[in-house]
Amino acid sequence: SKASAQPSDEASSKLREQLAFIKAKEHVTVKEAALLLSCSESHIRKLVMLARKGKTRRPIPYVDMEGVTIFPRESLLSWASPTSHIQPVKYEAA
């Protein structure tokens with residue numbers, strides 16, 4: 001079938017659409033946060049658990065909406081941004 005001939009193109013355009021949709025939202029779900037940060041949903045849940053228990057120096061920013069965990073997208077992205085805790089690598093011009 002045609003779909004199996006170009007799985008990467010189709011998958012990547014679908015991912016781009018999903019990310020564009022997510023970027024338009026103010027709050028994102030666990031699933032969307034995992035997509036945004038390129039990690040698994042279980043890892044996101046683990047980060048929330050650590051934040052809830054106060055067992056991390058950099059708790060993930062989340063909101064508990066009556067049992068549903070959501071994330072303020074902007075806060076999540078700046079939390080995940082490398083510049084907040086890692087010195088950027090400087091490349092000298094050759």
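1. Buried means under 20% relative accessible area, exposed over 50%, and partly exposed in between, computed with a 1.4 Å probe on protein chains only. On that scale Tyr-62 is partly exposed, because its relative accessible area is 26%.

2. This is a predicted model, in which local features need pLDDT of at least 70 and side-chain atom pairs count only at pLDDT 80 or more, while totals for chains, interfaces and linings use all residues. Residues are numbered from 1 along each chain as its sequence is written, and side-chain values use heavy atoms, with hydrogens and water left out.

3. On confidence, pLDDT being the predictor's confidence in each residue from 0 to 100, the protein averages 87, and 80% of the residues score at least 70.

4. Tyr-62 sits in the loop between helix 4 and strand 2. With contact taken as heavy atoms within 4.5 Å, and leaving aside its neighbours within four places in sequence, Tyr-62 touches residues including Val-48, Ala-51, Arg-52, Ile-70 and Phe-71.

5. The structure holds four salt bridges, each defined as a side-chain nitrogen of Lys or Arg within 4 Å of a carboxyl oxygen of Asp or Glu. One of them joins Arg-52 to Asp-64 at 3.0 Å, N to O; since Arg-52 belongs to helix 4 and Asp-64 to strand 2, this pair ties together parts that are twelve residues apart in sequence. Both partners are partly exposed, Arg-52 at 43% and Asp-64 at 41%.

6. Another salt bridge pairs Arg-45 with Glu-41 at 3.5 Å, N to O, and here both residues lie in helix 4, four residues apart, or about one turn of the helix. In the bridge between Arg-73 and Glu-74, at 3.4 Å, N to O, Arg-73 is buried with a relative accessible area of 12%, whereas Glu-74 is exposed at 55%.

7. Two backbone values deserve a look. Ser-38, in the loop between helix 3 (30-36) and helix 4 (41-53), has a positive phi near 55° although it is not glycine, and it counts as exposed at 67% relative accessibility. Glu-66, in the loop between strand 2 (63-65) and strand 3 (68-72), likewise has a positive phi, near 50°, and counts as exposed at 84% relative accessibility.
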